[in-house]
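Hi,

Here is the structure I promised to pass on. Have a look at it first, and my notes follow below.

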Amino acid sequence: MSLKTATILSLLITVIGAVVLLQGSTFHWFGNQQGYAPVQPIQFSHKVHARDHQIACLYCHSGAEKSKVAGIPAAAVCMNCHSQILKNSPEVQKITRALTEGKPIEWIKVHSLPRHAVFDHSRHFAAGVQCQECHGPVQTMERVAQTETLLMGMCVNCHRTHREVTLDATGRAIVSKERSQARLQASTDCVVCHH
Amino acid sequence: MSKSQDKILQEHDIREGDTPKPHAGVSRRSFIEMIGYSAAVLALNGCRAPEQKIIPYLRQPVELTPGVANWYASTCGGCGASCGTLVKVRDGRPIKLEGNQEHPLSKGGLCALAHGLVFSLYDSDRLRHPLIKADAATWDDIDQQINKNFAAVRQSHGKLRLLTPLISSPTSRKVIATFLQHFPDARHISYQPVSSSAIHEAHAQTHRRSAVPAYRIENARLVVSFSADFLGTWMAPVQFTRSYSQARNLQSGREMLRHIQFESHMSLTGSNADRRVAVSPDEEIEALLLVAKRVATMAGSVDRVPAELASFEPTRLSPEIRSIVDILFEELRIRQGKSLVLSGSNSVSAQIVINFINQALHNYGHTLDLANGSDRSQVSDRAIVDLVEEMNTGQVAALVISGVNPAYDYFAREEFIRGLNKVPLKISLSSILDETASLADYVCPQPHFLESWNDAEPEPGLFSLTQPAIAPLFNTRPYQESLLRWSEDGRSFYDVLRKHWQEKLFPQQPGGSFDEFWDQSLHDGIVRLATPPSTTPEFTSASLNDAVKQLKEESNATAGKLTVALFESVVLRDGTHANNPWLQELPDPLSKVTWDNTANISPDLARQLQLEEGSLIRVSKSAVSVELPVHIQIGQHPECVSIALGYGRTGAGKVGNHIGANAYPLVSFARGTFQYLVSGIVLEKTGGKVELARTQLQDTLGERPIVRELTLASYLEGKPKESEAHRGERKDLWPGYEYTEHKWGMVVDLNACVGCSACLLSCQAENNVPVVGKEEVLRRREMHWIRLDRYYKGTDDDPTVAFQPVMCQQCDNASCESVCPVLATVHSSEGLNMQVYNRCVGTRYCENNCAYKVRRFNWFEYPHEDALANLALNPDVTVRSRGVMEKCTFCVQRIEAAKIRARNEGRAIRDGEIQTACQQSCPAGAIAFGNLIDLKSRAAQLKHDERNYMLLEELNLRPPLSYMAKVRNVENLA
């Protein structure tokens with residue numbers, strides 16, 4: 001086989017492969033996890049908890065207020081209610097079992113930043129950023145999915161413009177076109193996130 | 001680590017050797033490669049990150065928030081000085097030690113060793129369970145067997161001996177005493193491989209009190225030291241460095257402390273002296289005696305000058321040295337009660353003479369406090385020598401060894417091992433299977449000090465607590481608890497400690513409940529109880545005459561002979577922590593050698609013996625010899641060869657074994673104490689030569705004003721700075737930056753810096769700086785973000801030394817920023833020179849263009865294959881990968897954390913709120929960091945001090961990091 005034939009063949013395979021893979025929503029840029037919704041060990045519904053029963057995000061993710069990480073609640077936090085409510089649900093039983101056996105629940109991380117990027121929940125919380133701006137309308141989700149790209153462009157856009165964000169009736173974030181004067185200008189220095 | 005590097009190198013070699021052959025068409029192989037490439041491109045586009053798990057607590061402890069560090073006050077267990085520390089615990093893991101500012105002795109300082117100890121916690125060579133004859137065992141089994149054996153010892157009235165280091169913990173001493181009571185013939189022996197017991201033995205003779213005085217250098221205006229390395233390793237170096245720099249602070253408004261050092265080997269302390277007099281060991285004794293004689297003849301010092309002292313006439317001192325002693329004596333005379341004379345010698349006679357001098361100068365009660373000294377009446381070097389004799393004559397029935405390693409560091413180790421083999425019951429309480437533990441029948445490993453409870457009494461009335469910052473990683477048990485088990489006491493050591501504090505300490509302070517007292521003590525880490533006022537014991541000069549006589553003989557006997565000075569290195573100390581790669585790779589402050597100990601000889605001697613840097617020599621004394629590479633040390637006296645102890649371990653672990661040579665066999669035992677100066681040695685060239693892994697090869701500066709110095713007199717006169725010529729307006733190529741809120745800046749006071757190297761390790765721990773190994777240091781690829789430069793000035797025999805820590809200067813006109821092709825290094829809006837790891841492609845242009853040479857390149861992925869060692873990593877700092885440039889960031893993670901804290905609280909950052917890792921625990925307090933826009937900040941004020949200058953100012957790089965010129969108090973001393 002000559003070099004020419006081989007090159008043509010190789011290119012052909014690339015193009016055909018691209019056509020197959022790039023159709024529909026299957027394609028993502030490297031690192032973009034948008035749409036990621038793994039099956040969790042416990043079928044926990046944010047819709048039931050955060051919307052139907054109006055439990056505040058911070059009740060479970062209390063770290064968001066004071067720490068870099070929002071944190072996943074300890075199994076004991078679930079039992080604050082579930083020691084009384086729906087004790088016999090097979091999903092609640094999994095938590096009870098975890099506690100009695102001393103085996104923590106291994107949740108699958110949905111929203112993930114690369115290791116060289118630092119995000120501090122407490123600062124964003126104090127600045128009035130809504131959880132939904134980055135995490136999407138979690139209170140409508142039966143199973144949590146990543147709705148935003150969480151790529152650097154998204155962070156920098158917000159840090160640059162710092163627009164007022166409100167939530168609509170469905171809990172989706174509406175970003176106003178006006179720059180907010182009320183909020184402190186966020187830094188766009190690289191080291192704010194990369195150190 | 002080295003294994004993987006070798007692998008990478010091998011692969012590299014293979015690739016280089018594999019030259020591509022010209023090919024006509026396309027082989028099947030390259031076709032498949034092409035298809036593979038296409039597939040890879042597509043796969044890369046569509047791929048997902050690997051699945052990650054989050055595992056929350058089942059029940060989250062109340063005091064813990066994931067992502068927020070907890071701090072615990074504790075006590076450093078590195079040496080006997082018991083400095084106060086704060087342990088940073090992040091997500092359950094201790095990751096950093098910092099100094100406790102409220103500790104009255106260490107005052108927030110920590111040494112390099114302390115910083116390194118965090119890494120020792122995660123040492124995978126630590127023992128993970130108890131051993132019976134080298135086999136894994138359970139605590140129940142081991143206790144049962146040991147108790148059975150002990151019963152037999154008791155029955156047969158056999159001798160039990162307990163060998164430990166100096167125990168400064170009152171509760172542990174009590175546990176030990178109770179344990180010993182269970183045996184008819186039991187004795188506790190404290191053993192210090194590098195001993196200073198001559199000090200308390202001398203006080204026993206001169207003041208009838210066997211104690212080590214508390215030294216108060218901060219009260220002194222003149223320190224004269226005969227070989228005492230008090231800034232490096234002697235007694236409590238952190239405390240001394242803090243008080244030394246306080247006493248030399250020019251802003252204090254007091255007379256600046258003057259420091260004169262007589263020594264034969266170049267020590268860290270000597271290198272900081274205003275006047276360092278290089279003398280041979282015999283001249284040092286003569287100089288000491290001459291000072292004593294002058295002091296004795298001073299009116300009113302003693303009733304009668306001892307005959308031996310009156311008749312003393314120096315025979316070998318040069319006229320210059322005599323004139324220095326004359327000046328010195330004049331200064332001492334007018335600074336009575338404000339001077340301090342020290343000796344690092346472990347000879348009782350020398351210490352008796354020192355005591356006499358300090359007594360005659362009325363220094364007791366002012367610059368040294370014997371009334372509040374630490375009692376050492378139970379400690380002597382002779383005890384272990386007697387023990388070894390007992391062991392060899394088969395008299396010892398049981399030996400319990402905890403925390404010491406005489407099979408490595410006892411001067412006659414073969415004799416010790418021979419004796420040990422004759423002991424029927426050998427129990428080791430070591431945390432690693434070291435040289436001694438590997439000979440024991442039972443090994444009961446004890447936890448790291450960060451996993452244990454303990455207390456300490458560094459000074460009478462001052463108590464400090466050690467609290468665990470993590471549950472023990474391995475199946476270990478504190479040695480105190482083992483002793484309790486063997487004295488029919490089932491309590492935990494924590495219970496005993498609390499009880500002891502409740503019974504002994506709590507009643508000594510006013511009111512409150514014990515729980516409150518305990519919680520407060522635990523919170524503070526220290527508690528100061530009022531001590532009954534005691535007066536300095538009477539001085540008696542009875543022993544002086546004999547001491548002088550003995551010193552004269554010693555001086556005559558050593559005259560003209562080659563002497564070896566054995567010293568503790570600032571880095572490794574006595575060698576206990578040799579398995580710590582951070583410590584091994586920390587360059588010695590003077591020789592700048594890493595991963596090795598050397599025989600340091602003077603340039604004169606090297607010429608005479610035709611030795612070069614790295615030539616191998618054999619240093620021998622009668623039957624004992626040590627083979628080492630030579631380091632030519634400027635300032636060393638030609639009659640002195642100095643060798644660092646603590647190297648040449650064989651049972652330290654995979655990092656520390658076979659590094660350097662063990663010099664302990666050269667130590668001698670004479671007149672009741674260990675002697676670290678041994679004369680009459682023979683040097684032999686063995687012919688070979690090795691390359692030393694040194695991090696600095698340029699020793700002098702010539703006329704370049706890199707380290708600026710001025711004399712105290714010219715400083716007081718307000719003479720313009722040396723650099724004035726370099727000043728003046730300069731044109732910039734760039735418009736410059738405007739800073740609105742913050743402009744971070746740092747000032748390093750070279751007058752305070754003593755070169756202890758603690759900042760290097762503090763930085764290493766904070767910023768996940770990798771260890772590269774000896775081979776890579778030889779290739780100049782060390783990674784420390786701070787380079788501690790050491791420069792000599794003057795002649796080879798009589799140099800002055802200056803230290804200068806150089807880290808990234810965060811230049812405004814940064815030469816690195818303008819050459820980066822990918823904008824991986826850019827300027828921040830707060831004046832930081834940012835290095836963006838994820839953008840860096842590794843061209844190394846920035847490194848080449850950096851005027852200060854402070855950038856470090858990751859030549860390899862420095863993986864911690866050892867998963868345990870990864871636990872020491874700081875999660876707030878990215879672990880850099882191969883091919884990425886890195887450098888000092890001014891601890892930007894701390895700046896950002898402080899900014900977040902302040903903004904969340906809706907306030908501005910307070911001055912001093914941000915402390916960089918190097919600054920926080922600098923024992924000398926040499927570093928100031930802050931916002932230069934805020935003119936009231938300490939950094940801004942020092943920036944405008946007249947001593948302030950910028951490094952390489954003439955290049956107009958405009959760094960916000962500046963230095964303060966060194967001031968030498970040399971009037972009349974030149």
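To start with, which residues in helix 9 of chain B meet which residues in helix 12 of chain B? From helix 9 of chain B come Leu288(B), Leu289(B), Val291(B), Ala292(B), Val295(B) and Ala296(B), and from helix 12 of chain B come Ala350(B), Val353(B), Phe356(B), Ile357(B) and Ala360(B). Contact here means that the C-beta atoms of two residues, placed from the backbone, lie within 7 Å.

Before I go on, the ground rules. This is a predicted model, where local features need pLDDT of at least 70 and side-chain atom pairs count only at pLDDT 80 or more, while totals for chains, interfaces and linings use all residues. Residues are numbered from 1 along each chain as its sequence is written, with chains lettered from A and ligands numbered from 1 in the order in which they are written. Helices (H or I, at least four residues) and strands (E, at least two) are DSSP runs, numbered from the N terminus.

The contact between helix 9 and helix 12 of chain B divides into 11 nonpolar, no polar and no charged residues. Helix 9 (residues 281–297) and helix 12 (residues 348–360) of chain B pack at an angle of about 35 degrees, their axes 10 Å apart. Axes are lines fitted to C-alpha atoms, for helices over the stretch in contact, and angles run from 0 to 180 degrees between N-to-C directions. The crossing of helix 9 and helix 12 of chain B is left-handed (the near helix is turned anticlockwise from the far one by less than a right angle).

On to the domains, whose bounds come from an automatic or database domain assignment. For chain B, that assignment gives domain 1 (69–121), domain 2 (131–190 + 379–528), domain 3 (197–365), domain 4 (561–689) and domain 5 (709–722 + 745–966). Domain 1 and domain 5 of chain B have C-alpha centres 22 Å apart, and their contact takes 15 residues from domain 1 of chain B and 16 residues from domain 5 of chain B. On the domain 1 side, strand 4 and helix 3 of chain B each supply at least two residues. The residues of that side divide into six nonpolar, five polar and four charged.

Seven bridges join strand 2 and strand 3 (residues 84–90) of chain B in the antiparallel sense (strands pair if DSSP finds at least two bridges between them). Ser74(B) has Thr85(B) in strand 3 of chain B as its bridge partner.

Next, helix 23 of chain B. Nine of the nine residues of helix 23 (residues 758–766) of chain B are buried, so the rest of the structure largely encloses it. A residue is buried if 20 or more other C-beta atoms lie within 10 Å of its own, exposed if 12 or fewer, and partly exposed in between, with C-beta atoms placed from the backbone. Among the elements that the buried residues of helix 23 of chain B pack against are strand 4 (93–99) and helix 3 (112–121) of chain B. After helix 23 of chain B comes Asn768(B), with a positive phi near 55 degrees.

Strand 25 (residues 640–645) of chain B has six of its six residues buried, so it too is largely enclosed by the rest of the structure. Cys640(B), Ser642(B) and Ala644(B) point one way from strand 25 of chain B, and Val641(B), Ile643(B) and Leu645(B) point the other way. Strand 21 (residues 563–568) of chain B runs parallel to strand 25 of chain B over six bridges, while strand 22 (residues 599–601) of chain B is antiparallel to strand 25 of chain B, with two bridges.

Cheers

Terms used:
Nonpolar A, V, L, I, M, F, W, Y, C, P; charged D, E, K, R; others polar.
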